[in-house]
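Student: Let's go through this structure by question and answer. Where do we start?
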Amino acid sequence: MKRCLICIGSNYNRKKNLLLARQRLQALFPTVRFATEEETEPLYLRSFALFSNQVAEFVTELDEECVVDELKAIEREAGRRPGDKVKEKICLDIDLLMYDGKILRPKDMKQEYVRKGLKELDYLDLK
(Lines give C-alpha, C1' and ligand atoms only; values in the text may rest on other atoms or scores of the structure.)
Protein backbone atom coordinates (compact mmCIF):
# COMPACT_ATOMS: atom_id res chain seq x y z
CA MET A 1 0.00 0.00 0.00
CA LYS A 2 1.19 3.48 -0.89
CA ARG A 3 0.51 6.46 1.35
CA CYS A 4 -0.68 9.62 -0.43
CA LEU A 5 -1.01 13.21 0.71
CA ILE A 6 -3.19 15.60 -1.28
CA CYS A 7 -4.41 19.17 -1.12
CA ILE A 8 -7.83 20.18 -2.38
CA GLY A 9 -8.59 23.79 -3.30
CA SER A 10 -11.34 25.89 -4.85
CA ASN A 11 -12.19 29.57 -5.32
CA TYR A 12 -15.45 29.00 -7.21
CA ASN A 13 -18.53 27.35 -5.65
CA ARG A 14 -16.10 26.40 -2.92
CA LYS A 15 -18.35 24.54 -0.48
CA LYS A 16 -20.12 22.55 -3.20
CA ASN A 17 -16.88 21.60 -4.98
CA LEU A 18 -15.01 20.60 -1.83
CA LEU A 19 -17.97 18.49 -0.75
CA LEU A 20 -17.97 16.77 -4.15
CA ALA A 21 -14.23 16.14 -3.84
CA ARG A 22 -14.59 14.63 -0.37
CA GLN A 23 -17.44 12.37 -1.50
CA ARG A 24 -15.55 11.12 -4.56
CA LEU A 25 -12.33 10.63 -2.60
CA GLN A 26 -14.17 8.63 0.08
CA ALA A 27 -15.65 6.39 -2.61
CA LEU A 28 -12.29 5.84 -4.32
CA PHE A 29 -10.08 5.70 -1.24
CA PRO A 30 -12.05 4.45 1.79
CA THR A 31 -9.09 5.11 4.14
CA VAL A 32 -9.06 8.85 3.37
CA ARG A 33 -8.78 11.22 6.33
CA PHE A 34 -9.36 14.97 6.01
CA ALA A 35 -7.92 17.88 7.93
CA THR A 36 -10.14 20.86 8.69
CA GLU A 37 -11.09 22.99 5.70
CA GLU A 38 -9.17 26.30 5.68
CA GLU A 39 -10.12 29.59 4.05
CA THR A 40 -7.05 31.27 2.55
CA GLU A 41 -6.03 34.27 0.51
CA PRO A 42 -5.17 33.49 -3.13
CA LEU A 43 -1.55 32.69 -3.92
CA TYR A 44 0.00 33.65 -7.25
CA LEU A 45 -3.26 35.13 -8.57
CA ARG A 46 -4.46 38.70 -9.10
CA SER A 47 -8.01 37.76 -8.18
CA PHE A 48 -9.19 38.52 -4.65
CA ALA A 49 -11.52 35.48 -4.54
CA LEU A 50 -10.83 33.52 -1.37
CA PHE A 51 -9.92 29.85 -1.52
CA SER A 52 -11.11 26.92 0.50
CA ASN A 53 -8.32 24.40 0.98
CA GLN A 54 -8.18 21.03 2.64
CA VAL A 55 -5.39 18.53 3.17
CA ALA A 56 -6.13 14.80 3.12
CA GLU A 57 -4.24 11.54 3.24
CA PHE A 58 -5.04 7.98 2.21
CA VAL A 59 -3.45 4.69 1.28
CA THR A 60 -3.92 2.93 -2.03
CA GLU A 61 -2.58 0.14 -4.20
CA LEU A 62 -2.82 2.35 -7.30
CA ASP A 63 0.40 3.59 -8.86
CA GLU A 64 1.17 7.32 -8.85
CA GLU A 65 -0.05 7.93 -12.40
CA CYS A 66 -3.40 6.25 -11.71
CA VAL A 67 -3.88 8.32 -8.54
CA VAL A 68 -3.25 11.53 -10.51
CA ASP A 69 -5.68 10.38 -13.22
CA GLU A 70 -8.39 9.78 -10.60
CA LEU A 71 -7.79 13.22 -9.06
CA LYS A 72 -8.01 14.91 -12.47
CA ALA A 73 -11.28 13.09 -13.19
CA ILE A 74 -12.75 14.53 -9.97
CA GLU A 75 -11.59 18.02 -11.02
CA ARG A 76 -13.34 17.64 -14.38
CA GLU A 77 -16.52 16.42 -12.69
CA ALA A 78 -16.52 19.62 -10.61
CA GLY A 79 -16.44 21.65 -13.81
CA ARG A 80 -12.74 22.37 -14.26
CA ARG A 81 -11.97 23.17 -17.87
CA PRO A 82 -8.84 24.06 -19.85
CA GLY A 83 -8.42 27.81 -19.78
CA ASP A 84 -10.07 28.31 -16.37
CA LYS A 85 -6.72 28.91 -14.67
CA VAL A 86 -5.98 31.83 -17.00
CA LYS A 87 -9.33 33.31 -15.93
CA GLU A 88 -8.31 32.62 -12.29
CA LYS A 89 -11.43 30.48 -11.86
CA ILE A 90 -10.48 27.37 -9.93
CA CYS A 91 -13.56 25.15 -9.65
CA LEU A 92 -11.46 22.41 -8.09
CA ASP A 93 -7.76 21.71 -7.87
CA ILE A 94 -6.53 18.48 -6.31
CA ASP A 95 -2.78 18.15 -6.10
CA LEU A 96 -0.87 15.02 -5.14
CA LEU A 97 1.71 16.45 -2.75
CA MET A 98 3.36 13.22 -1.67
CA TYR A 99 3.28 9.64 -2.92
CA ASP A 100 4.86 6.76 -1.00
CA GLY A 101 7.19 9.10 0.90
CA LYS A 102 8.28 11.03 -2.22
CA ILE A 103 7.54 14.75 -2.07
CA LEU A 104 6.14 15.80 -5.44
CA ARG A 105 5.35 19.47 -4.71
CA PRO A 106 7.96 20.82 -2.27
CA LYS A 107 6.78 24.42 -2.65
CA ASP A 108 3.22 23.48 -1.68
CA MET A 109 4.46 21.49 1.32
CA LYS A 110 5.75 24.76 2.80
CA GLN A 111 2.39 26.55 2.70
CA GLU A 112 0.97 27.34 6.14
CA TYR A 113 -2.42 25.72 5.49
CA VAL A 114 -0.67 22.52 4.34
CA ARG A 115 1.56 22.51 7.43
CA LYS A 116 -1.49 22.96 9.66
CA GLY A 117 -3.26 20.11 7.90
CA LEU A 118 -0.25 17.85 8.29
CA LYS A 119 -0.10 18.60 12.00
CA GLU A 120 -3.82 17.94 12.42
CA LEU A 121 -3.50 14.59 10.61
CA ASP A 122 -0.41 13.71 12.68
CA TYR A 123 1.42 13.23 9.42
CA LEU A 124 4.86 12.06 10.53
CA ASP A 125 6.42 11.01 7.22
CA LEU A 126 7.86 14.42 6.37
CA LYS A 127 11.50 14.46 5.36
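Tutor: Start with a term: buried means under 20% relative accessible area, exposed over 50%, and partly exposed in between (1.4 Å probe, protein chains only). This is a predicted model, where local features need pLDDT of at least 70, side-chain atom pairs count only at pLDDT 80 or more, and totals for chains, interfaces and linings use all residues. Residues are numbered from 1 along each chain as its sequence is written, and side-chain values use heavy atoms, with hydrogens and water left out.

Student: Is R24 buried, exposed or partly exposed?
Tutor: The relative accessible area of R24 is 30%. Buried needs under 20% and exposed over 50%. Therefore R24 is partly exposed.

Student: Which residue meets R24 in a salt bridge?
Tutor: A salt bridge puts a side-chain nitrogen of Lys or Arg within 4 Å of a carboxyl oxygen of Asp or Glu. Here the N to O distance is 2.6 Å. The partner of R24 is E77.

Student: Is S52 buried or exposed?
Tutor: S52 sits in strand β4. Its relative accessibility is 1%, so S52 counts as buried.

Student: Which side chain joins S52 in a polar contact of 3.5 Å?
Tutor: A polar contact pairs N or O atoms within 3.5 Å; within protein, one must be able to donate a hydrogen and the other to accept it, and residues adjacent in sequence count only if both atoms are side-chain atoms. The side chain joined to S52 is that of R14.

How values were computed
Helices (H or I, at least four residues) and strands (E, at least two) are DSSP runs, numbered from the N terminus.
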